[in-house]
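Student: I would like to learn how to read a model like this one, one feature at a time. Please give me the general idea first and then the case at hand.

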Amino acid sequence: MDRLFELGSEFWVAAYETLYMVALTLLIGGAIGLLLGVVLYSTRPGSLLPNRAVFNVLNVVINFFRPIPFIIFLAAVQPFARYVIGVGIGNDALVFSLSIAASFAISRIVEQNLITVSPGAIEAARAMGAGPVRILRTVVIPEALGPLILGYTFIVVAIVDMTAMAGFIGGGGLGNFALVYGYRQFEPAITWAALLLIVIFVQALQFFGNWLARKVLRR
């Protein structure tokens with residue numbers, strides 16, 4: 001425990017780095033994933049803007065990248081990260097890789113939730129003269145908002161888990177802190193302190209996501 005108190009400032013810096021990586025990844029990957037998911041839903045056969053070519057290309061690309069284990073994806077994307085953002089190591093490089101990986105997972109979650117919207121509601125909007133974009137904006141997305149929030153909550157928890165791999169490319173965060181100062185230095189108290197804070201973060205995020213989804217579903 002004494003060693004944990006000595007590393008108090010580093011511990012809270014690591015906590016901040018974890019929150020920074022998760023928030024930035026959710027912002028970037030969440031926006032890209034939402035866009036891809038809406039395009040997937042809209043262009044699938046029988047949907048609002050059917051386009052077989054666009055749907056098939058996106059479908060193949062997403063299915064190609066989604067099953068890749070993140071640690072392998074992290075190594076594969078590193079040269080691309082260096083080319084795009086100028087660095088291949090550190091927290092920003094991890095955020096870049098996480099955002100790409102998260103966007104593919106989110107796009108599929110968005111598509112699956114939009115599909116569940118009642119066709120009757122869509123047909124009613126069409127009968128009132130609404131166009132595809134307006135139907136998406138005023139009917140499909142609002143109707144699927146509760147499940148979408150739960151889906152994003154699930155992804156945020158997964159992102160928190162994946163930030164533990166930041167140390168492999170010179171990044172920080174609680175996962176790296178636990179490995180460097182806890183596991184490698186045989187200090188179980190440090191490992192457990194980092195673990196407990198990660199659990200607290202996850203529980204808080206899950207509670208907030210569930211609360212927000214319930215609030216939306218009751219409106």
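Tutor: The lining of the second largest pocket divides into 6 nonpolar, 2 polar and 2 charged residues, where Ala, Val, Leu, Ile, Met, Phe, Trp, Tyr, Cys and Pro count as nonpolar, Asp, Glu, Lys and Arg as charged, and the others, Gly among them, as polar. Please keep in mind that this is a predicted model, in which local features need pLDDT of at least 70 and side-chain atom pairs count only at pLDDT 80 or more, while totals for chains, interfaces and linings use all residues. Residues are numbered from 1 along each chain as its sequence is written, and side-chain values use heavy atoms, with hydrogens and water left out.

Student: How is such a pocket found, and which residues line the second largest pocket?

Tutor: Rolling a probe the size of a water molecule over the atoms shows where empty space is left. A pocket is an open set of points, on a 1 Å grid over the protein atoms alone, where a 1.4 Å probe fits and protein lies on both sides within 12 Å along at least five of seven lines; lining residues have an atom within 4 Å of a point. Here the lining consists of Tyr41, Gly46, Ser47, Leu48, Ile115, Val117, Pro119, Ile122, Glu123 and Arg126, and its largest share, 4 residues, comes from α6. The space in the second largest pocket is about 180 Å³, a volume being the space filled by probe spheres set on the grid points, which are joined across faces, edges and corners.

Student: What lines the largest pocket?

Tutor: Its lining holds 14 nonpolar residues, no polar ones and 1 charged residue. Of these 15 lining residues, Arg66, Ala101, Ala102, Ala105 and Met162 lie nearest the centre, and α4, α5 and α8 each supply at least two residues of the lining. The volume of the largest pocket is about 250 Å³.

Student: You name helices by number; how many helices and strands does the protein chain have?

Tutor: Helices (H or I, at least four residues) and strands (E, at least two) are DSSP runs, numbered from the N terminus. The protein chain has 10 helices and 0 strands, and its C-alpha atoms fill a box of roughly 70 × 40 × 25 Å along the principal axes.

Student: Which residues touch the most other members of the largest nonpolar core?

Tutor: A nonpolar core is a set of buried Ala, Val, Leu, Ile, Met, Phe, Trp, Tyr and Cys residues joined through side-chain atoms within 4.5 Å; buried means under 20% relative accessible area, exposed over 50%, and partly exposed in between (1.4 Å probe, protein chains only). The largest core has 40 residues, and Leu94, Leu114, Ile135 and Val140 touch the most other members. At least two residues of this core come from each of α2 (8–43), α4 (70–85), α5 (91–115), α6 (119–127), α7 (132–143) and α8 (145–162), with α5 giving the most, 10 residues. A second, separate core of 12 residues includes Phe11, Ala14, Leu174 and Ile190.

Student: Is isoleucine 135 buried or exposed, and what does it touch?

Tutor: Isoleucine 135 sits in helix α7 and counts as buried because its relative accessible area is 0%. Contact means heavy atoms within 4.5 Å. Apart from neighbours within four places in sequence, isoleucine 135 is in contact with Leu48, Ile122, Ala125, Arg126, Ala130 and Val140. Isoleucine 109, in helix α5, is buried with a relative accessible area of 17% and touches Gly151, Phe154 and Ile155.

Student: Where does phenylalanine 186 lie, and what is its phi?

Tutor: Most residues other than glycine have a negative phi, and most peptide bonds are trans. Phenylalanine 186, in the loop between α9 (174–183) and α10 (188–217), has a positive phi near 55°. At 73% relative accessibility, phenylalanine 186 counts as exposed.

Student: Which residues does UniProt list as "transmembrane region"?

Tutor: UniProt positions are given in the numbering used here, feature names are shortened, and annotations may be inferred rather than shown by experiment. The unreviewed UniProt entry lists residues 20–41, 53–77, 83–106, 144–169 and 189–213. In the model, residues 189–213 are 100% helix and 0% strand, with end C-alpha atoms 36 Å apart, whereas residues 83–106 are 79% helix and 0% strand, with end C-alpha atoms 25 Å apart.
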